[in-house]
Amino acid sequence: MRLAGRERLGFYPLPIPEAERMRKFLAFPDKQCCALDPCVGDGAAFAEIASDKNVQRCGVELDAGRAEQARTSGIEVIHGNCFDVQCPVESFSLIYLNPPYDFEIGEEKSQRMEKLFLEHVRRWLIRGGILVFVVPAKRIADCAALLSRDFRDARVYRLTETESARYKQVVLLGVRRTRQERDRLPDSEIIQAQLWLSSLERKLEELPPLPSEPDHLVRRAAERTRAFGSPRASLGPDRSPTPEIVGLSPSISRSFRATGRRDWPPTNASARGHVGLLCTAGMLNGIFGDGEMRHIAHWQSIKLVDRSEEEEDGKTIIREKERFSNELTLVFCTGEITSLK
């Protein structure tokens, strides 16, 4: 990405006329559902795409000023990095993804941000949920393997507004496959879809432009609606003077308030990812506070099991997923014992 683009944090908003055309392709249910934009920017495009009375709109934005703008559009916004946000899997009926067009530079290899964002957020989309994916045509090839395996009924349109044409943008509309659909998918169909997606850059002018009137409707499957869960709880409207770090799990955020340590966690970006390791390694254990608030703090890692039920072909399928979390135990001088997870 050029220097000017980095100064804007990769913010190249979708023209509103394109968003208006995309909205016409989407059929929302009569009951409440949730939609997400993990790179919400000022929220204008997302507010149009997910404009329905039954849609709870949620977003993530790295820039503080744009995050505030998005909130004025009725979007529940987390100010932070999408890759630091915690969210239960299969929480959203729709994800609109227009990620930064850039490379992530790593120690071993560099990867396209478009692919990294898609890999990260697609697990938050319900089975049968809708993906609206806006990228330059040549970047579809980077995501072709994942798209061909995890999404069905994919249609790709060329965007024609001046700014969209400048970046040779396309939009892919697809529906996330159920596990059963994916298991039954023949390899030949995956390969065929992957080859087609990889060829779109060369066939850009042959792609149909996104029409003003839809040639089909994209509907999401029925599901149990979930709230925005952990991210909203961890990054609420609290503006207390205790140091806040965007992206820490709710347990760690609450626990630092409870311990009263205002010199931790460190506020520079390079140290944020190590705070959880320091906690569970016992390096933040000890005696803190004064008077009746004086206490002993002890951290440990714990394993939790999330249980969910799904209806497939008239059968109830029970699934269990294991995950690890952090637990903080506080023993106060008054004899009170509190555990935070």
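Here are some numbered notes for a first look at this predicted model.

1. **Ground rules.** Numbering starts from 1 along each chain as its sequence is written, and side-chain values use heavy atoms, with hydrogens and water left out. Since the model is predicted, local features need pLDDT of at least 70 and side-chain atom pairs count only at pLDDT 80 or more, while totals for chains, interfaces and linings use all residues.

2. **The overall picture.** The protein has 13 helices and 15 strands; these are DSSP runs numbered from the N terminus, with helices being H or I of at least four residues and strands E of at least two. Of its 341 residues, 46% count as buried. Buried here is under 20% relative accessible area, exposed is over 50%, and partly exposed is in between, using a 1.4 Å probe and protein chains only. The protein exposes about 17,500 Å², and carbon and sulfur atoms supply 50% of that; the areas come from the Shrake-Rupley method with a 1.4 Å probe, and for residues only the protein chains shown count as cover.

3. **Contacts along the chain.** Take the contacts (heavy atoms within 4.5 Å) in the protein with a separation of 6 or more: residues 24 or more positions apart account for 64% of them.

4. **The main core.** Nonpolar side chains tend to be buried together in soluble globular proteins. A nonpolar core is a set of buried Ala, Val, Leu, Ile, Met, Phe, Trp, Tyr and Cys residues joined through side-chain atoms within 4.5 Å. The largest one here has 68 residues, and Phe133 and Leu147 touch the most other members. Strand β8 (residues 125–136) gives the most to this core, with 7 residues. Leaving aside neighbours within four places in sequence, the contacts of Phe133 include Leu97, Pro99, Leu118, Ile140, Leu147 and Val171. Glu114 is also on the contact list of Phe133.

5. **A second core.** There is also a separate core of 7 residues, and among them are Trp299, Leu328, Leu330 and Leu340.

6. Helix α5 (residues 113–121) is mostly covered, with 7 of its 9 residues buried. Its buried residues are Met113, Glu114, Leu116, Phe117, Leu118, His120 and Val121. For helix α4 (residues 64–71), the buried residues are Arg66, Ala67 and Ala70. Looking down the axis of α4, these fall within an arc of 105° (taken from the directions from the helix axis to the C-beta atoms), so they line one face of the helix. Their cover includes β3 (55–61) and β4 (76–79).

7. **Two polar contacts.** A polar contact is a pair of N or O atoms within 3.5 Å; within protein, one must be able to donate a hydrogen and the other to accept it, and residues adjacent in sequence count only if both atoms are side-chain atoms. Asp63 caps the N-terminal end of α4, with a side-chain oxygen 3.1 Å from the backbone nitrogen of Gly65. Ser91 sits in the loop between β4 and β5 (92–97) and counts as buried, at 3% relative accessibility. A polar atom of the Ser91 side chain lies 2.6 Å from the backbone oxygen of Pro88.

8. Strands pair if DSSP finds at least two bridges between them. β12 (residues 286–288) and β13 (residues 295–312) run antiparallel and are joined by 3 bridges, with Gly286 standing opposite Ala297. Their hairpin has 6 residues between the strands, and Gly289 takes a positive phi near 85° there. β13 also runs antiparallel to β14 (residues 315–332), with 18 bridges joining them; the bridge partner of His298 is Thr329. In this hairpin, 2 residues separate the strands and Asp313 takes a positive phi near 55°.

9. **Other residues worth a check.** Asp153, in strand β9 (residues 151–158), has a positive phi of about 55° although it is not a glycine. Asp153 is exposed, with a relative accessible area of 52%. Lys168 also has a positive phi, near 55°; Lys168 is found in the loop between α7 (162–166) and β10 (169–176) and counts as exposed at 54% relative accessibility. Asp30, in the loop between β1 (26–27) and β2 (33–37), is exposed at 77%. The C-alpha atoms of Asp30 and Asp52, 22 residues apart along the chain, are separated by 9.8 Å.
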